[in-house]
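Here is a short report on one structure. It covers ring contacts, a helix and the cores.

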Amino acid sequence: MAASASGASTPAPNKDLEAVREKLDALYREASVATDSYNAAEEKAERQSAAIVELAKKIVAGQERLADLKERAGAAAAAQYRTGGLPDEAQLLLSDDPHDFLDGAGRVIQGQRATKGLIAELAKTQEDLEQYAADASAQWKNLEANRKAKDAARKKIKKRIAEAEKLESRLEKAEKARLAELEAEAANRAQTAWLDSGALDETGGKASSAGKKAVAYATAQIGKPYVWGAEGPDSYDCSGLTSQAWASAGDPIPRTSQEQWKQLPHVDVKDMRPGDLVIYFGDATHVGMYIGDGAIVHAPRPGRSVTIAGAGSMPILGVVRPDA
């Protein structure tokens, strides 16, 4: 990275490497934020696509129902035409037997009521079809908006990761090793400060049955690479790992770390137990699963693999419990 007067490469001083570490952290944080946006847009698009399919089924069924009602309405109109549409008084005058007329009149009244009901149902079905069409149109617009949001997030993720990789590619082998040491030292300092704060003094809750299954799943993924947007089985992003772990335990949870923070019950850090999710940063864009003894398992960032880390190695926003 640096060069001596003779032209030979010399390792950059720690101060310069620390600046590189901070820059890399910032780039990967921006990529993480964009990844959550990408995942959220993808999840919404999936729901909207499913809603459109259901609306299409309703429209087809409604059209079939409308055709049947129109056929029945046509038959009723034809029957009325055959009777000449004569009023009841005229039918009575033309009838040879008043009793027959009264019986027939009763049937006419029933038929009229049925016809009114048929017309009302016809109108209601038509209204339903119009509403289904309007709903489908709205869903299509939302779907297109989410596709655009997903595409924008994808571009931002790729750009930030490319910038980070370019920055790292400029480092010499020794500098990369020292950079890794600086990253570990920063994480250890944060973890030590967190432990010294007494955050774990009162913890010790035991994992639930589902929590044990979730932890077993998550820890079994250790060593698999981080890939943004991935939900396994070969690679994961941070919330892809936690959501799949809890799905395997029989308790599906939201896909993104931000929605996990919004929707799942919050618990105090002192009440934390294995299986709980630790949400990080003020914007809830990273998540790990607590496994006990002050540690989490998580998918850190691009270029890293699923691993175990100190629960306090990053700024904690809070803790949520999927099976509260």
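Contact here means heavy atoms within 4.5 Å. This is a predicted model, where local features need pLDDT of at least 70, side-chain atom pairs count only at pLDDT 80 or more, and totals for chains, interfaces and linings use all residues. Residues are numbered from 1 along each chain as its sequence is written, and side-chain values use heavy atoms, with hydrogens and water left out.

Met289 touches a list of residues that includes Ala214, Ala218, Trp246 and Leu277, leaving aside residues up to four places away in sequence. A nonpolar core is a set of buried Ala, Val, Leu, Ile, Met, Phe, Trp, Tyr and Cys residues joined through side-chain atoms within 4.5 Å. Buried means under 20% relative accessible area (1.4 Å probe, protein chains only). The largest such core has 22 residues, and Met289 is among those that touch the most other members. Apart from it lies another core, of 14 residues, including Leu200 and Tyr290.

Helices are DSSP runs (H or I, at least four residues), numbered from the N terminus. Helix H6 is mostly covered, with eight of its 11 residues buried. Trp246 is one of them. Just after H6, Gly250 takes a positive phi of about 90°.

Two ring contacts follow. Aromatic rings pair if their centres lie within 6.5 Å, and planes over 60 degrees apart count as edge-to-face. A charge sits over a ring if NZ of Lys or CZ of Arg is within 6 Å of the ring centre and within 35 degrees of the ring normal.

| Residues | Value |
|---|---|
| Tyr38 and Trp228 | 5.0 Å centre to centre, edge-to-face |
| Arg29 over Phe281 | 3.9 Å from the ring centre |

Methods
Phe/Tyr/Trp six-rings, centres within 6.5 Å; stacked < 30°, edge-to-face > 60°. Buried < 20%, exposed > 50% of the residue type's maximum accessible area, 1.4 Å probe, protein only. Helix = DSSP H or I, 4+ residues; strand = E, 2+ residues; numbered from the N terminus.
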